[in-house]
Amino acid sequence: MALRRPSVEGPDFFDFVRQANDLTQKLEASSWDFDKVPEVFAKDAAADVVAKEIVHIHDGKTMTRFGRLVMGGVGRQFNLMGPIPPNASLRISYRGVLEEVNRQLKSKGLSDLPEFRKLGKTQDVEFYNYEIFYTTRDLIFWLILHDAGSFPSSLEVMVRHIAAGNIVQSNRYAPTKPSKDLGKPTLMSATGLMVQFPTPVVEWMDKPIYGGLAKDTIHVETLLTTKPTEVSHPYLTLKREGKLTLDNRKYYYRRFMGVTPKDGLRGPHISAEKPANRF
Amino acid sequence: MHPRSESTQFDLFVRGEIPSALAGSLLTTASRRNKERTLFSRWHDSQADLIRLDLVPGKPGRIRAFFLSVDPYWKIPQPQRRPPFYATQPNHGLNAKSDKLWATNLLFGAPLEIDIPSWKPRRLLRRIVPDCESPQISSTSHFAWSPDQRYAYYHQSLLNQSDELVRAKDIAIVRIDCETGSERMWKLLPPSEDSDPCGANFHSAFCYEEYGRKFIGLLRTGAILESLKPHMPVTEHEVVPMTASTIWIAELKEESSELQATLLPGIRELGGLALSHLDIDATGGDGFVLYANYKQADVAEETHGINIYGEHPSEVSEHYSGMTVEALNFGLVLRYEKRSAKTSIRTFNRPYQPGRTSQGHSWLPINIQLDSQRKRLFCSFSGFRPRLLPQHIAKAYPDVAVDPQRIRYVPPLLMRFEAETLVPDYDKSRTYLSYTEPMAFCVAGDASKDYICTFSTETGLRIYLADDLSRVICHAVSPLLMNWRDSHFRPDPAHLVFSQTQ
């Protein structure tokens, strides 16, 4: 989401926090119906993950993901949110895993795909201010405080993850050259996001939800396992498989590539959810 | 298509607790599809894979999955094989009793009987044999059960292609005695005011008793097929609109070889499309309370061609092989009570209002099931993906189809209703609804406590207390559920049933 109020500072801080708290309470008292608190609807939202290059390592006990994400956005500051298991650790790690995998596969990663090459130049950004939300209330409070807002159908996705015992993590990022033009959003590339959690099975990431900008997501995803596997990606086709070595350990790899649609897509030129819509 | 019936098994990773009341098996069906979006197959037709999940209670307990890949020509002699008219493709309905499962297609072919403990196919329920003129058959997807659960009933008919439309021929009612295994068949005569063989297909059936007499009810969807074969080439075409759904009622007479159907009053008058799924309270032997849903979708059609925004399929990456058809507008849930002298109809239909998500919606209702006390009704609604509604289908329904400029994505929903009133079971904590839930669910448990199990191959299995849909008590996943080699299972399974045979 674009953060229309990225920072709260000085004497206004107390008022903003109180106001956000009041609106959150009002929304909760209204059974999370946005029409009762229309201020919560996101305005002019235009931010999406456009492409993702992920290396998933599963050693039979732990899932470790290293990612390079390419986001598109119109605005000065953004946040990227997603559900993770509550026992996951999340950090920025510049271990060069993606580069090493690509080197051994003689691949250019995302640039192997014509859809990605068409996008043009990206700006490098870093994630910062990692935050964790344990309840819908926490999450909505933060989104109101930073004037990011939300959409009811997107919020329901997070509500369902929280109901299943997951937490929601959020990272901020900001381009050095922001865009104000919807037709020409800034493309931002962030490398180094790492998520790790214990699980005896390979667990894939959810499909991204449409944020008003990119209807599809371009993927290069590589699964590394310590034993041969038939595990396939839920949507992407298998492009190649074999063996490679990483940190002196041998892995079987399966690479999946392609383009998938976002969840929650609407027709062309149809606006996002807004107050008092009925259909 | 895979040439054999084969099986695989593996464990799921379980988080949370499997309640002791759920010691048993969950059964579902999956449709195997190629991931290439450039390929087309219609939603009825797919390699069918049947999934049995064996639940061992505990914290976390254990869940083991068993896959059965079904040969569509299982035990059919070579000369009788007439591609593309398969004998069975059980990728939709599940009818379970004791150690037997009868799995069915949405529309085509014969039910396949599977032995649940061994998870192997046992026989085809093909009482009517197709011929050159009528190369395919249709059977009820969701069987009717006698109030004592001893007898299962389904319809079967031939389908033939005459002129531009498909017509049903030789409609029969088949009864299986679950105690003895014996079967009998009646010829079914259509009601005089609803005798058009086009659209005479029946997705679900139910039984009830009244004044000591036994009856069967059949939900006639009204779907009109233009072609028995998949569309070739896949392009826009003229759509023959469905007729309003009806319910046929026939008294089951042991002494007769023919049953005369009549129309249940008040159903055709509702004007709804694709009356499909049901649950029934037929206790007491004096009539019934029927809960059923209208899809408001042309279920005879296929999702292909230019969409309602004029976008070519190549521009719409949501397209996938074997897409279900999208609704034309929001659907309707029906409560029809016929007890003694009393007849009443209640309905629930609601658009989606993003600003009032606590109200729920009724876009494309799928599953419908009463709890064990018959006090609460659970319904799943698939929602709406506007870019997947073809222009040529919407054009055939100018008075029904949604305005493309006023519609957006509608998220899937599972909702609990008060059965008596058909009003959502509102509370401040929103324990009565769950958005973004898979469509396949079942109510399971024992007399003391009901649980809701939801399932999709991608999301896995979620278990809720029926009282509280705001908190998952168990979640189980495996990547091996999602794929068969490099194909995947789409669309998500529609149904899930609980069986305690192990």
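Q: Contact here means heavy atoms within 4.5 Å; with that cut-off, how many residues of chain B are in contact with chain A?
A: This is a predicted model, where local features need pLDDT of at least 70, side-chain atom pairs count only at pLDDT 80 or more, and totals for chains, interfaces and linings use all residues. Residues are numbered from 1 along each chain as its sequence is written, chains are lettered from A in the order in which they are written, and side-chain values use heavy atoms, with hydrogens and water left out. On the side of chain A, 51 residues take part, and their partners in chain B number 52.

Q: How much area do chain A and chain B bury between them?
A: Buried area is the accessible area (1.4 Å probe) that two parts lose on being put together, summed over both. Carbon and sulfur atoms hold 53% of it, and the total for chain A and chain B is about 4400 Å².

Q: Which residue of chain B forms a salt bridge with E203(A)?
A: A salt bridge needs a side-chain nitrogen of Lys or Arg within 4 Å of a carboxyl oxygen of Asp or Glu. The rule finds 3 across this interface. In the one with E203(A), the closest N and O atoms are 2.9 Å apart, and the partner is R15(B).

Q: Which element gives the largest share of the side of chain A that touches chain B?
A: Helices (H or I, at least four residues) and strands (E, at least two) are DSSP runs, numbered from the N terminus. Elements giving two or more residues to this side include β8 (186-198) and β10 (237-246) of chain A. The largest share, 6 residues, belongs to α5(A).

Technical notes. Contact means heavy atoms within 4.5 Å.
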